[in-house]
2 protein chains.
Amino acid sequence: MSRTTSAKKSETSNEISVVVSEDRIPPRERIVSTASELFRERGIRGIGVDAIADAALTNKMTLYRHFGSKDELVCETLRRASEKAGAIWHDLEVAYPGNPRAQLYAWVETRAQCLNGEPAGCDLANAAIELKGEGHPAHEMIERHKAEQRDRLAALCSAAGAREAELLADTLTLLLEGARVTRQAMGTANCCGHFAKACNAAIASFA
Amino acid sequence: MSRTTSAKKSETSNEISVVVSEDRIPPRERIVSTASELFRERGIRGIGVDAIADAALTNKMTLYRHFGSKDELVCETLRRASEKAGAIWHDLEVAYPGNPRAQLYAWVETRAQCLNGEPAGCDLANAAIELKGEGHPAHEMIERHKAEQRDRLAALCSAAGAREAELLADTLTLLLEGARVTRQAMGTANCCGHFAKACNAAIASFA
């Protein structure tokens, strides 16, 4: 990555239109991906905009040109995390078209894999805890995201023919959120190993 | 509460022996309880020692005389939260002596009540998320606490005659941790309303 990217201001907005060669990542992208990573590693309040700008090979002025405030940058990282997490429903449909029951079991399987691969848990749930008491603009987005994910899961449980789809969806949601936080609170010697088994037992009991 | 408490230094330790009349709370206690409350409301990183000392009607120097650092104060608030949470096992035994099955259902019931009464969730789990990436001394205590609580629950599940006590204990633990974080991430319109029902369904399916 190089600091020698050239930028020109767009005439119609405050956005910076960055002219970069194909092997370079525009500053805005560098800032968002670096911030996402650093927020995940050190906590949202554990890292400042100076350090983010520095790690993204840019400067604070550029960061503030793209994002009016740290809060705005936080919201953008969470919006992307939400978008990425939301893609699961399409992936499940593609993998098991027209087979909601298989999709439900695949949901468990892929969530279990994520638990292993992403020890820092859910960026959005973590942010809700980290930003508490602040009246932070991210809270509304987090609530909306969590409600949407839960509703999509309830629709899938219903399509899979579960007896009490709402209760099953809530059970699976609580198990997932619990596993994500437990992974962080208990380290590796935790109860996440039982996450998939607990989910599958719940699905079986509501069959 | 008054600022006019008199204090004298103990000759055998760095502890301050505070001389207070019975209706006054010693500075150390005021600092711990105020810090617990403020950490819960604003997050551990959302409040500084100056503000804590001020809210506890004392000063930073006194705070540092009792606690060498903010980290140490954080650990003390979590040690107390752990002690308070750990008292549940004794309470359950007193309420339903020699009846582990009733104790298990009472565990669900009291946890559900706590979810309603304590919207900020578990101080220890929250701290694990808030202090990530810091190598904070609290992490070891949090891990130990969570492992102990989980093991106590597994022993209760086993005593209650559950088929797969370890799996049931992990299921209930994940449901509880999930409900605590979901309460914070989804506000009131969340899936915690189903916490007790989900737990009881799990217990029934492992009976």
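Colleague: How much of chain A is buried?
Modeller: Buried residues are 50% of the 207 residues in chain A, where buried means under 20% relative accessible area, exposed over 50% and partly exposed in between (1.4 Å probe, protein chains only). This is a predicted model, so local features need pLDDT of at least 70 and side-chain atom pairs count only at pLDDT 80 or more, while totals for chains, interfaces and linings use all residues. Residues are numbered from 1 along each chain as its sequence is written, chains are lettered from A and ligands numbered from 1 in the order in which they are written, and side-chain values use heavy atoms, with hydrogens and water left out.

Colleague: What is the secondary structure of chain A?
Modeller: Chain A has 10 helices and two strands, taken as DSSP runs numbered from the N terminus (helices H or I, at least four residues; strands E, at least two). The order from the N terminus is β-β-α-α-α-α-α-α-α-α-α-α.

Colleague: Which residues touch the most other members of the largest nonpolar core?
Modeller: A:W107, A:L172, A:F195, B:W107, B:L172 and B:F195, out of 63 residues. A nonpolar core here is a set of buried Ala, Val, Leu, Ile, Met, Phe, Trp, Tyr and Cys residues joined through side-chain atoms within 4.5 Å. A second, separate core has 60 residues, including A:I31 and B:A56.

Colleague: And what does B:W107 contact?
Modeller: Leaving aside neighbours within four places in sequence, the contacts of B:W107 (heavy atoms within 4.5 Å) include B:W89, B:L172 and B:F195.

Colleague: Why do the copies meet through the same surface?
Modeller: Because 100% of the interface residues of chain B are also interface residues in chain A.

Colleague: Is A:H139 buried or exposed?
Modeller: A:H139 counts as buried, because its relative accessibility is 19%. A:H139 sits in helix α8 (residues 138-159) of chain A. A polar atom of the A:H139 side chain is 3.1 Å from the backbone oxygen of A:L131.

Key:
A polar contact is a pair of N or O atoms within 3.5 Å; within protein, one must be able to donate a hydrogen and the other to accept it, and residues adjacent in sequence count only if both atoms are side-chain atoms.
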